[in-house]
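Morning, everyone. Please have the sequence and the structure open.

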Amino acid sequence: GGAVLILGATGLVELVNRVVPRTVVSGIQLGLGIRMVALALTFMGAEPWRAVDGPVAGGAFFLVAIALLRRRERKFPVALFLVGAGLVLAAAAAAARG
(Lines give C-alpha, C1' and ligand atoms only; values in the text may rest on other atoms or scores of the structure.)
Protein backbone atom coordinates (compact mmCIF):
# COMPACT_ATOMS: atom_id res chain seq x y z
CA GLY A 1 0.00 0.00 0.00
CA GLY A 2 2.77 2.40 0.90
CA ALA A 3 4.63 1.75 -2.33
CA VAL A 4 1.54 2.56 -4.38
CA LEU A 5 1.05 5.78 -2.39
CA ILE A 6 4.66 6.85 -3.02
CA LEU A 7 4.47 5.95 -6.72
CA GLY A 8 1.26 7.94 -7.11
CA ALA A 9 2.43 10.95 -5.11
CA THR A 10 5.76 11.26 -6.92
CA GLY A 11 4.39 10.56 -10.40
CA LEU A 12 6.67 7.55 -10.85
CA VAL A 13 3.61 5.43 -11.62
CA GLU A 14 3.81 6.68 -15.23
CA LEU A 15 7.34 5.30 -15.52
CA VAL A 16 6.21 1.97 -14.10
CA ASN A 17 3.32 1.92 -16.59
CA ARG A 18 5.75 2.30 -19.48
CA VAL A 19 8.22 -0.30 -18.19
CA VAL A 20 5.94 -3.10 -16.93
CA PRO A 21 3.93 -4.97 -19.59
CA ARG A 22 0.15 -4.93 -19.25
CA THR A 23 0.02 -8.73 -19.10
CA VAL A 24 2.18 -8.70 -15.98
CA VAL A 25 -0.17 -6.23 -14.30
CA SER A 26 -3.17 -8.35 -15.29
CA GLY A 27 -1.51 -11.47 -13.91
CA ILE A 28 -0.76 -9.79 -10.60
CA GLN A 29 -4.35 -8.57 -10.35
CA LEU A 30 -5.66 -12.06 -11.11
CA GLY A 31 -3.37 -13.63 -8.51
CA LEU A 32 -4.41 -11.12 -5.86
CA GLY A 33 -8.07 -11.68 -6.71
CA ILE A 34 -7.71 -15.43 -6.30
CA ARG A 35 -5.95 -14.96 -2.94
CA MET A 36 -8.72 -12.64 -1.75
CA VAL A 37 -11.40 -15.15 -2.77
CA ALA A 38 -9.56 -17.92 -0.91
CA LEU A 39 -9.30 -15.73 2.19
CA ALA A 40 -12.98 -14.82 1.98
CA LEU A 41 -13.93 -18.49 1.73
CA THR A 42 -11.97 -19.27 4.90
CA PHE A 43 -13.76 -16.44 6.70
CA MET A 44 -17.14 -17.72 5.49
CA GLY A 45 -16.42 -21.23 6.72
CA ALA A 46 -17.48 -20.34 10.26
CA GLU A 47 -20.65 -18.51 9.24
CA PRO A 48 -23.99 -20.15 8.49
CA TRP A 49 -24.77 -20.36 4.78
CA ARG A 50 -28.06 -18.51 5.11
CA ALA A 51 -26.76 -15.66 7.28
CA VAL A 52 -27.60 -12.11 6.25
CA ASP A 53 -24.03 -11.61 5.08
CA GLY A 54 -23.43 -15.23 4.05
CA PRO A 55 -22.38 -16.68 0.73
CA VAL A 56 -25.93 -16.87 -0.62
CA ALA A 57 -26.38 -13.09 -0.30
CA GLY A 58 -22.87 -12.53 -1.65
CA GLY A 59 -23.58 -14.76 -4.62
CA ALA A 60 -26.80 -12.90 -5.34
CA PHE A 61 -24.96 -9.57 -5.36
CA PHE A 62 -22.27 -11.10 -7.58
CA LEU A 63 -24.89 -12.17 -10.12
CA VAL A 64 -26.45 -8.69 -10.07
CA ALA A 65 -23.00 -7.19 -10.65
CA ILE A 66 -22.43 -9.50 -13.63
CA ALA A 67 -25.82 -8.51 -15.02
CA LEU A 68 -24.91 -4.84 -14.63
CA LEU A 69 -21.60 -5.40 -16.41
CA ARG A 70 -23.26 -7.13 -19.37
CA ARG A 71 -25.66 -4.28 -20.12
CA ARG A 72 -25.02 -2.30 -23.27
CA GLU A 73 -25.14 1.13 -21.63
CA ARG A 74 -22.85 1.26 -18.62
CA LYS A 75 -23.90 4.46 -16.94
CA PHE A 76 -23.90 2.98 -13.43
CA PRO A 77 -20.51 2.02 -11.92
CA VAL A 78 -20.67 -1.61 -10.80
CA ALA A 79 -17.95 -1.10 -8.20
CA LEU A 80 -20.09 1.54 -6.52
CA PHE A 81 -23.00 -0.92 -6.44
CA LEU A 82 -20.82 -3.60 -4.84
CA VAL A 83 -19.45 -1.23 -2.19
CA GLY A 84 -22.99 -0.09 -1.37
CA ALA A 85 -24.21 -3.68 -1.24
CA GLY A 86 -21.36 -4.55 1.11
CA LEU A 87 -22.27 -1.69 3.40
CA VAL A 88 -25.92 -2.77 3.43
CA LEU A 89 -24.94 -6.38 4.22
CA ALA A 90 -22.58 -5.25 6.98
CA ALA A 91 -25.27 -3.08 8.57
CA ALA A 92 -27.84 -5.89 8.30
CA ALA A 93 -25.42 -8.40 9.83
CA ALA A 94 -24.58 -6.02 12.69
CA ALA A 95 -28.29 -5.47 13.36
CA ALA A 96 -28.97 -9.23 13.27
CA ARG A 97 -26.19 -9.94 15.76
CA GLY A 98 -27.41 -7.22 18.10
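A word on terms: helices here are DSSP runs of H or I with at least four residues, strands are runs of E with at least two, and both are numbered from the N terminus. Just after H5, glycine 98 takes a positive phi of about 95°.

This is a predicted model, so to speak of local features we need pLDDT of at least 70, and side-chain atom pairs count only at pLDDT 80 or more, while totals for chains, interfaces and linings use all residues. Residues are numbered from 1 along each chain as its sequence is written, and side-chain values use heavy atoms, with hydrogens and water left out.

Now H5 itself. The expected span of a helix is 1.5 Å times one less than its number of residues. For H5, residues 78–97, the 20 residues should span 28 Å, and the end C-alpha atoms are 28 Å apart, which agrees.

Which residues of H5 are buried? They are Val78, Phe81, Ala85, Leu89 and Ala93. They lie on the same side of H5, because they cover an arc of only 100° around the axis; the arc is that of the directions from the helix axis to the C-beta atoms. Buried means under 20% relative accessible area, exposed over 50%, and partly exposed in between, with a 1.4 Å probe and protein chains only. On the face turned away from the buried side of H5 are the exposed residues Ala79, Leu80, Val83, Leu87 and Ala95.

The buried residues of H5 pack against helix H4, residues 55–70, where contact means heavy atoms within 4.5 Å.

H4 has buried residues too: Pro55, Ala57, Ala65 and Leu68. Their arc around the axis is only 155°, which puts them on the same side of H4. The face turned away carries the exposed Val56, Leu63 and Arg70. Leucine 69 is also in H4, and counts as partly exposed because its relative accessibility is 40%.

Last, the second largest pocket, with a volume of about 400 Å³. Of its 13 lining residues, Val4, Val13, Val16, Asn17 and Val25 are the closest to its centre. A pocket is an open set of points on a 1 Å grid over the protein atoms alone, where a 1.4 Å probe fits, with protein on both sides within 12 Å along at least five of seven lines; lining residues have an atom within 4 Å of a point. The volume is the space filled by probe spheres set on the points. H3 gives the most to this lining, with five residues.
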